Amino acid sequence: MAFESELLALRREVMEASVPRHVALIMDGNGRWAEARGQPRVAGHREGSESVRAVTREARRVGVEALTLYAFSAQNWERPEDEVEALMDLLREYLLKERAELWDNQIRLQAAGDVERLPERVLGPLRELSAHTATQPTKMTLTLALSYGSREEIVQAARRIVEEGLAASQIDEEAVAARLWTAGLPALDLLVRTGGERRISNFLLWQAAYAELGFVETSWPEFRERELLLCVREFQRRERRFGKTSAQLRGEV
Ligand code: IPE
Ligand code: IPE
Ligand code: MG
C-alpha cells in the first residue's frame with residue numbers, strides 16, 4: 001500500500017512539471033542480474049522484457065511522446081550464438097504478445113537499426129506490428145533499436161546522401177537527421193543507462209548531442225515504473241542551457 005501511494009505521488013509530481021518529449025534507455029545489466037542469482041543470462045533477458053512492458057506503460061501514462069529502447073546492438077551479434085538465438089526468441093515473443101496492449105494504448109511501434117539482419121521470425125512480426133500500429137492516431141512512438149549502431153547509422157546516412165545526389169550546399173543538420181534511423185522523432189531529451197556502466201556503447205551519438213544523461217546502478221530487470229519516474233524527476237530539476245547562461249534563460253539579459 002505504502003509503495004502504491006508513493007508511486008502515485010511520484011507520478012503526480014512528475015506530471016505537474018514538463019515531461020521530456022523523447023526518452024531513450026540503454027537497457028543494460030540483464031546478464032549480471034541473472035548471474036548474481038545463480039541463473040542463466042537468458043533469465044535476465046526474460047525478466048527484462050517485463051521491465052519493457054512496465055516502463056512503456058508508465059512512459060505513455062505520464063505523456064512521453066517518444067520512447068526509444070536499446071534492445072540489441074550491432075555489436076551484440078558477436079555474442080555466443082545461443083544467447084543471440086534466445087534474444088531473438090524473446091523479441092518474437094514480445095512482438096506477438098504486445099499487439100493488443102500497444103494498440104489499446106495508441107502506441108506506435110517502429111524499429112531503428114539494420115533490421116534486415118534480423119531473422120525472419122522476428123522481422124515478420126516486426127513489420128506486421130509496425131504496419132498495424134501505424135494505422136491509428138498515435139499517443140506515443142515506441143522505437144526498438146535493433147541491430148542498431150550509431151556509427152553504422154551515420155555511415156548509412158552519408159551513403160544515402162551520396163546516392164540521392166545532394167549538392168554540398170544541401171547538406172545541413174536537417175539533411176543528415178532526416179536520413180538517420182530515428183528520423184521523424186522529436187529531439188532526444190533524456191538518455192538513461194541502467195546497470196551501472198557509464199558509457200554510450202554506440203547508441204544515439206548524433207541524437208544525444210544535447211540530451212541530459214542519466215546513469216543508474218539499478219539493473220534493467222529491476223528498473224520499473226518508479227525508477228523511470230525518478231529519472232524523469234531528476235531531469236526536471238536540471239537546467240538545460242544549450243550554450244546560453246542561466247541569466248539569459250531567466251530572461252534577465
Ligand atoms: C543488456 O543486458 C541486454 C542486451 C545487451 C541485449 P546485458 O546482456 O548486456 O547484461 P550484462 O551487461 O551482461 O549484465
Ligand atoms: C548495450 O549494452 C546494448 C544494449 C543494451 C542493447 P552492452 O552490454 O552490449 O554494452 P557493452 O558491450 O557493455 O558496452
Ligand atoms: Mg551489458
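This is a predicted model: local features need pLDDT of at least 70, side-chain atom pairs count only at pLDDT 80 or more; totals for chains, interfaces and linings use all residues.
Next I looked up polar contacts to the ligand. Asn76 has a side-chain N or O atom 2.9 Å from an oxygen of ligand 2. For Asp28, I found a polar side-chain atom 3.1 Å from a ligand oxygen. Arg193 also puts a polar side-chain atom 3.3 Å from an oxygen of ligand 2. I then checked burial: ligand 2 alone exposes 390 Å², and the protein covers 77% of that.

Where does ligand 2 sit? I find it in the largest pocket, which holds about 730 Å³ of space. I counted 29 lining residues there, with Met27, Asn30, Tyr70, Ala71 and Asn76 nearest the centre. The elements giving two or more residues to this lining are α2 (30-35), α3 (41-62), β2 (66-73) and α4 (81-97). Helix α3 gives the most, five residues. By class I noted 12 nonpolar, 10 polar and seven charged residues in the lining.

Last, I went over the second largest pocket, at about 440 Å³. Its lining has 21 residues, and those nearest the centre are Pro186, Ala187, Leu188, Trp206 and Gln207. Helix α8 (residues 173-177) supplies the largest share of this lining, three residues.

Methods:
Residues are numbered from 1 along each chain as its sequence is written. Chains are lettered from A and ligands numbered from 1 in the order in which they are written. Side-chain values use heavy atoms; hydrogens and water are left out. On a 1 Å grid over the protein atoms alone, a cavity is a set of points where a 1.4 Å probe fits but cannot get out, and a pocket is an open set with protein on both sides within 12 Å along at least five of seven lines; lining residues have an atom within 4 Å of a point. Grid points are joined across faces, edges and corners, and a volume is the space filled by probe spheres set on the points. Helices (H or I, at least four residues) and strands (E, at least two) are DSSP runs, numbered from the N terminus. Ala, Val, Leu, Ile, Met, Phe, Trp, Tyr, Cys and Pro count as nonpolar, Asp, Glu, Lys and Arg as charged, and the others, Gly among them, as polar. A polar contact is a pair of N or O atoms within 3.5 Å; within protein, one must be able to donate a hydrogen and the other to accept it, and residues adjacent in sequence count only if both atoms are side-chain atoms. Accessible areas come from the Shrake-Rupley method with a 1.4 Å probe; for residues, only the protein chains shown count as cover. A molecule sits in a cavity or pocket if more than half of its atoms lie within 2 Å of its grid points.
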